Amino acid sequence: NMIKQLTHKQWYQRRVRGLQDYGFHAPTTSWPVVNTMMVEPTESEDKAEMDRYIEALIAIRQEIQDIQDGKIDPEDNPVKRAPHTMAVVTADEWDRPYSRQTAAFPLPWMTPAKKIWPGSARVDDAYGDQNVFCTCPPVEAYSIDDLSK
């Protein structure tokens, strides 16, 4: 059974990517603990926004349950294919067993005016968190060769 073969990491990554379809920026992942999701609501988020976030998490969990119950295709479903970019949703061809509406606007409060479209459909997940590299000039470029100048 494909569902049982998925690791915790795979399920976790799919849930995180799915949040983008609900209009939320992908949360911090794999820090401070690998394969975890850090949620840091601040005083700038009101109760309505937090309720919307919780509703999105519950909806994603229901999508996962529908896969486990055999109600939707375990290989081709909104959870596995998330996030859905504008280019994918508006393309002439749509070969998925679920609707474009499900992909782009999965809950009633998701509207075109509120939609934040993800820039890419697939991301490198925690790789970037675990393999940090600097794009700055090398440290030597900041050295002062002659202090008398």
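Student: What makes Glu49 partly exposed?

Tutor: Good place to begin, and please keep in mind that this is a predicted model. Glu49 has a relative accessible area of 22%. Buried means under 20% and exposed means over 50%, with partly exposed in between. The value of 22% falls in between, so Glu49 is called partly exposed.

Student: Which residue forms a salt bridge with Glu49?

Tutor: That is Arg52, and the closest N and O atoms of the two are 2.9 Å apart. The cut-off is within 4 Å, from a side-chain nitrogen of Lys or Arg to a carboxyl oxygen of Asp or Glu. A distance of 2.9 Å meets it, so the name salt bridge applies to Arg52 and Glu49. Both residues lie in helix H3, three residues apart, which is about one turn of the helix.

Student: Why can such side chains pair at all?

Tutor: Side chains of opposite charge can do so when their charged atoms come close.

Student: How many salt bridges are found in the whole structure?

Tutor: The search finds four. One of them joins the side chains of Lys47 and Asp51, at 2.9 Å from N to O. Helix H3, residues 47-68, holds both of these residues, four residues apart. Another salt bridge is formed by Lys80 with Glu75, again with 2.9 Å between the closest N and O atoms.

Student: Are Lys47 and Asp51 buried, partly exposed or exposed?

Tutor: Lys47 has 61% relative accessibility, which is over 50%, so Lys47 counts as exposed.

Student: Let us turn to the rings. How many aromatic pairs does the search find?

Tutor: Four aromatic pairs are found in the whole structure.

Student: Why is the pair of Phe24 and Trp109 called edge-to-face?

Tutor: The ring centres are 6.5 Å apart and the planes stand at 75°. Rings pair if their centres lie within 6.5 Å, and planes over 60 degrees apart count as edge-to-face. An angle of 75° is over 60, so the pair is edge-to-face.

Student: What does the pair of Phe24 and Trp109 tie together?

Tutor: Phe24 lies in the loop between helix H2 and strand E1, and Trp109 in the loop between helix H6 and helix H7, so the pair ties together parts that are 85 residues apart in sequence. Phe24 is at 9% relative accessibility and counts as buried, and Trp109 counts as buried at 16%.

Student: What makes Phe105 and Trp117 an edge-to-face pair?

Tutor: The planes are at 75°, with 6.1 Å from centre to centre. Phe105, at 16%, counts as buried, whereas Trp117, at 26%, is partly exposed.

Student: Which residues do ring pairs link into a cluster?

Tutor: Phe24, Tyr53 and Trp109 are linked in this way.

Student: How do you know that a charge sits over the ring of Trp94?

Tutor: The charged end of Arg96 is 5.2 Å from the centre of that ring. The distance cut-off is within 6 Å, and 5.2 Å meets it. Likewise, Lys115 lies over the face of Trp117, at 4.9 Å from the ring centre.

Student: How many cavities of 30 Å³ or more are found?

Tutor: One is found, and about 50 Å³ of space lies in the largest cavity. Its lining includes Gly18, Glu63 and Pro106. The lining residues divide into six nonpolar, three polar and two charged.

Student: Is Glu63 buried or exposed?

Tutor: Glu63, which lies in helix H3, has a relative accessible area of 14%. That is under 20%, so Glu63 is buried.

Student: How much of the protein chain is made up of buried residues?

Tutor: Buried residues make up 34% of the 149 residues. The chain has seven helices and two strands.

Terms used. Residues are numbered from 1 along each chain as its sequence is written. This is a predicted model: local features need pLDDT of at least 70, side-chain atom pairs count only at pLDDT 80 or more; totals for chains, interfaces and linings use all residues. Side-chain values use heavy atoms; hydrogens and water are left out. Buried means under 20% relative accessible area, exposed over 50%, partly exposed in between (1.4 Å probe, protein chains only). Rings of Phe, Tyr and Trp (its six-membered ring) pair if their centres lie within 6.5 Å; planes under 30 degrees apart count as stacked, over 60 as edge-to-face and the rest as tilted. A charge sits over a ring if NZ of Lys or CZ of Arg is within 6 Å of the ring centre and within 35 degrees of the ring normal. On a 1 Å grid over the protein atoms alone, a cavity is a set of points where a 1.4 Å probe fits but cannot get out, and a pocket is an open set with protein on both sides within 12 Å along at least five of seven lines; lining residues have an atom within 4 Å of a point. Grid points are joined across faces, edges and corners, and a volume is the space filled by probe spheres set on the points. Ala, Val, Leu, Ile, Met, Phe, Trp, Tyr, Cys and Pro count as nonpolar, Asp, Glu, Lys and Arg as charged, and the others, Gly among them, as polar.
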